[in-house]
Amino acid sequence: MKSAVVVFPGINRERDMARALKLISGREPAMVWHADTALPAGIDLAVVPGGFSYGDYLRCGAIAARAPIMAAVRAHAGSGGLVLGVCNGFQILCEAGLLPGVLMRNAAIKFICQDVYLRVERSDTPFTRGYNAGQVIRVPVAHGEGNYVADEDTIARLEGEGRVLFRYAAPDGTLEPAWNVNGATNAIAGVLNDRGNVLGMMPHPENHVEAALGATDGRGLFAGLVDHFKQAA
Amino acid sequence: MARTSRKPSARAIQKPATRKAKRRSKSARRGKISPALVAAHGLTPDEYQRILALVGREPSITELGIFSAMWNEHCSYKSSKIHLRTLPTTAPWVIQGPGENAGVIDIGDGLAVVFKMESHNHPSYIEPYQGAATGVGGILRDVFTMGARPIACLNALSFGAPSHPQTRHLLAGVVAGIGGYGNSFGVPTVGGCVRFHTRYDGNCLVNAMAVGLAQSDKIFYAAASGVGMPIVYLGSKTGRDGIHGASMASAEFGEGTEEKRPTVQVGDPFAEKLLLEACLEIMAKDCVIAIQDMGAAGLTCSAVEMGAKGGLGVTLDLDAVPCRETGMSAYEMMLSESQERMLMVLKPEKEREAEAIFSRWGLDFAVVGETIATKRFIVRHGGKVMADLPIKELGDEAPVYDRPHVAAPKPPIVTAADVAPPVPTADALLRLIGSPDLCSKRWVWEQYDHVILGNTVQRPGGDAAVVRINEGPKALALTTDVTPRYCEADPFEGGKQAVAEAWRNLTAVGARPLAVTDNLNFGNPERPEIMGQLVGAIQGIAQACKALDFPVVSGNVSLYNETNGRAILPTPTIGGVGLIDDFTKSATLAFKGANEAILLIGETTGWLGQSLYLREICEREEGAPPPVDLAAERKNGDFVRGLIAEGIAEAVHDISDGGLLVAIAEMAMASGIGAELDRAPLAAHAFWFGEDQARYVVTVKATVAETVMARARAAGVPARQVGLTGGDALTLEGERPILVAKLRERFEGWLPAYMAGGPA
């Protein structure tokens with residue numbers, strides 16, 4: 001799997017993402033600067049990582065969404081290429097119109113860094129084929145604005161089309177308000193675009209990929225992507 | 001002559017910003033420096049006489065401002081210097097001790113750890129979010145100025161009594177500020193401590209520590225070298241924020257403190273992140289001769305230090321300084337504490353390359369001066385010389401005071417017989433574990449990103465944080481600690497204890513303690529009893545650091561922590577750094593399974609003086625604190641570290657606040673596994689809650705318990721088995737069992753409920 005990680009000023013989880021991609025795909029991702037206008041030729045996956053692009057000033061992701069490189073990301077998605085946005089990356093993809101909805105302040109109005117449990121809703125997508133449907137995984141969140149909100153029709157469409165891939169859940173997979181850390185609508189932690197090739201998610205699978213550090217549930221996402229491209233090849 | 005900047009600042013009409021500035025510039029025009037003006041700058045009449053002698057004429061207002069910035073307590077350490085000199089600062093692994101932006105130690109493999117702790121107490125009280133945020137920003141800058149990439153932050157926070165009306169506001173703001181800066185900058189905040197005491201009402205303490213990693217042969221220093229070298233200004237623009245911040249930090253609080261809000265700087269973590277990346281990039285490209293961040297006293301302090309340390313003079317052309325607002329005077333520019341700024345001496349042939357890197361990161365870059373052979377500090381503005389001062393004297397010859405100090409009488413020893421237990425042991429435990437000082441600080445550290453960079457092996461909540469170095473297997477153990485109530489009762493023993501406790505925290509995760517940074521927070525040093533506390537604590541720290549081979553490599557002194565004449569508890573915070581050879585072998589405090597023998601390492605006399613039991617349960621804050629036997633400390637610690645290295649220890653926890661039973665309860669809560677405890681060999685309340693030092697709880701497989709205790713005996717280390725792990729409750733003979741779930745509820749309950757408006 002050939003991947004590229006887009007770096008905006010203020011992004012700060014690009015190293016975590018690059019390390020996970022290298023570890024699991026065996027290939028160093030290309031790091032692409034925000035002012036560039038093209039992604040490296042022949043990449044399979046474009047990743048918009050987490051952080052505080054432009055300091056979250058104005059509105060999370062709003063400035064980055066208008067950076068020159070985003071035209072290339074949009075074109076990559078338009079031609080069916082896979083795009084993954086994590087945390088600030090999710091916010092940027094929403095602001096860029098590649099995903100519906102917005103990420104609002106956490107319901108508790110505080111930044112939250114803790115491990116959360118996610119229920120994987122489907123396993124038949126390139127992003128989740130490394131998991132089983134209904135499987136519960138543990139990965140960390142670290143955000144102040146992760147409360148997913150969209151209008152009723154959009155939510156109904158996302159749900160109807162099976163585009164919610166991850167939900168905040170209890171360790172046994174049940175949905176309870178107490179486990180929905182940021183108060184997201186329908187406990188949504190990750191959504192797909194209508195074409196199924198762009199995923200945005202708030203939690204950080206890239207931070208749980210090493211057994212030596214005690215948690216590996218994030219590996220499935222990257223391993224699934226690697227499988228997907230292996231099979232496609 | 002200084003070259004012009006890439007983006008010359010707009011030259012506008014000189015317009016003083018504040019009424020105060022107007023007053024000052026008026027008197028400057030009259031050429032009269034009045035005694036009131038001198039006093040307003042925090043300088044004594046004697047100090048002013050000294051300035052007159054050094055300058056040989058009446059100084060200009062800008063010059064007076066420069067002196068006040070360099071000679072205030074915060075920058076000059078004038079009250080503490082002669083005592084700080086007694087601290088041990090060397091060891092074979094120390095690359096750089098105190099005196100630079102941060103301390104540097106060698107950890108092998110060509111790597112060095114750069115770290116320092118610094119206070120931002122006064123700003124955080126005045127404006128908690130920005131005060132704390134810029135505290136974090138400042139200490140991060142100190143670390144990456146030396147060429148290190150920050151890999152972890154810690155902090156130590158002291159707030160007033162929970163019942164004080166300001167406490168919630170301060171705690172919420174400080175925590176949000178620390179998180180707001182560190183999270184955005186992209187460094188994990190992995191540890192710290194939070195305490196409450198009525199003596200911090202009106203004067204909270206925010207001590208922030210940053211730790212970075214560098215190549216040991218690529219450390220950057222402040223000393224300039226070479227004549228005619230360009231001095232370059234980098235980073236954010238200069239504004240009117242934080243003018244006189246360092247002087248403010250060197251004064252007591254009283255009525256009207258809130259009016260000092262304009263002296264607090266505003267942080268921009270985004271700019272700092274860019275500054276970090278740009279600085280590390282130009283350092284990697286070998287462009288830099290010397291570098292100094294603009295922290296306290298901004299442009300003044302950084303420029304003077306670069307010159308004074310390098311034995312050179314400096315000229316500055318303020319017309320070239322990138323400004324955020326128009327019409328700033330020389331006085332304002334020299335004293336601004338605008339954040340996220342750096343001063344560098346660049347290799348002339350690399351100037352273009354460095355400028356390209358900075359413009360790629362969208363940061364200001366301006367040549368604002370150069371080094372000169374004559375040892376003067378010359379500041380020009382609008383074509384006029386605004387200051388012309390002897391640089392060496394300015395930087396190195398600040399007044400040094402041997403202030404009178406008296407030691408407080410030693411308090412009497414409180415014995416177990418003097419303390420009648422008012423409640424059963426189980427009730428006391430539940431109350432202690434849910435008390436403000438001992439309860440879980442999850443509410444705090446969950447607002448800090450503690451997993452970013454993907455190297456956090458042990459998260460907050462243990463004895464010390466463990467952070468992997470690059471891909472491992474080496475890791476750093478990091479901690480901050482101090483027990484202010486001990487320091488208040490006996491500054492010398494308290495100082496020793498702060499060091500021993502930090503050493504013990506590192507040992508408890510299996511690390512070899514290497515060095516410390518100290519952050520000495522005290523009241524007004526002009527009062528002999530406060531000075532006595534400072535002197536006593538430094539003596540204690542010095543003795544402990546010597547005995548434990550744990551040198552002080554950096555630090556900060558914060559004095560005048562008083563409000564309306566009432567001082568804080570003496571709080572010499574110690575930040576400790578240790579090395580673990582293989583992070584997969586670090587120990588944690590959670591019980592690992594049932595039927596493990598619980599061993600108590602270290603001698604237990606049941607010392608109740610100054611214990612939390614005495615304070616929280618008996619409502620008595622009195623007595624001598626537990627003495628620290630440094631030889632025992634070392635022997636016991638080395639023994640425990642050995643057990644961890646050999647893989648014999650299953651769980652390890654140091655015994656500190658709250659004593660043995662609190663330590664065991666924390667191990668139970670971390671694992672969900674209970675314990676069955678034996679009868680106490682001395683008075684139960686003294687045995688379970690006494691705070692004797694140099695102690696650990698270690699669990700081992702029951703089958704090896706005897707062997708381990710025999711080894712301890714052979715090593716001269718007191719050890720006894722106090723129970724077995726298992727079940728879902730703590731069971732003490734003759735007491736009702738306490739469910740671990742119940743303990744957790746108490747432990748986790750207080751702080752979130754309090755912050756939601758619940759009882760104090």
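## How α11(B) and α14(B) pack

Helices α11(B) and α14(B) are roughly antiparallel to each other, a label for angles over 145 degrees. In this predicted model, the axes of α11(B) and α14(B), which covers residues 351–360 of chain B, come within 9 Å and cross at roughly 155°. Those axes are lines fitted to C-alpha atoms over the stretch in contact, with angles run from 0 to 180 degrees between N-to-C directions.

Ala278(B), Glu281(B) and Ile282(B) of α11(B) meet Ala354(B), Ile357(B) and Phe358(B) of α14(B); residues are in contact if their C-beta atoms, placed from the backbone, lie within 7 Å. By class, this contact has 5 nonpolar, no polar and 1 charged residues.

## Where chain B touches chain A

Now to the contact between the chains: 23 residues come from chain B and 23 residues from chain A. On the chain B side, α9 (167–185) and α11 (269–284) each supply at least two residues. The largest share, 4 residues, comes from α11(B).

## A look at chain A

Chain A holds 5 helices and 11 strands; these are DSSP runs, with helices (H or I) of at least four residues and strands (E) of at least two. Along its principal axes, the C-alpha trace of chain A spans about 45 × 40 × 35 Å.

## Reading the numbers

Residues are numbered from 1 along each chain as its sequence is written, while chains are lettered from A and ligands numbered from 1 in the order in which they are written. Because the model is predicted, local features need pLDDT of at least 70 and side-chain atom pairs count only at pLDDT 80 or more, whereas totals for chains, interfaces and linings use all residues.

Definitions and conventions: Two residues are in contact if their C-beta atoms, placed from the backbone, lie within 7 Å. Angles under 35 degrees count as roughly parallel, over 145 as roughly antiparallel, 65 to 115 as roughly perpendicular and the rest as oblique. Ala, Val, Leu, Ile, Met, Phe, Trp, Tyr, Cys and Pro count as nonpolar, Asp, Glu, Lys and Arg as charged, and the others, Gly among them, as polar.
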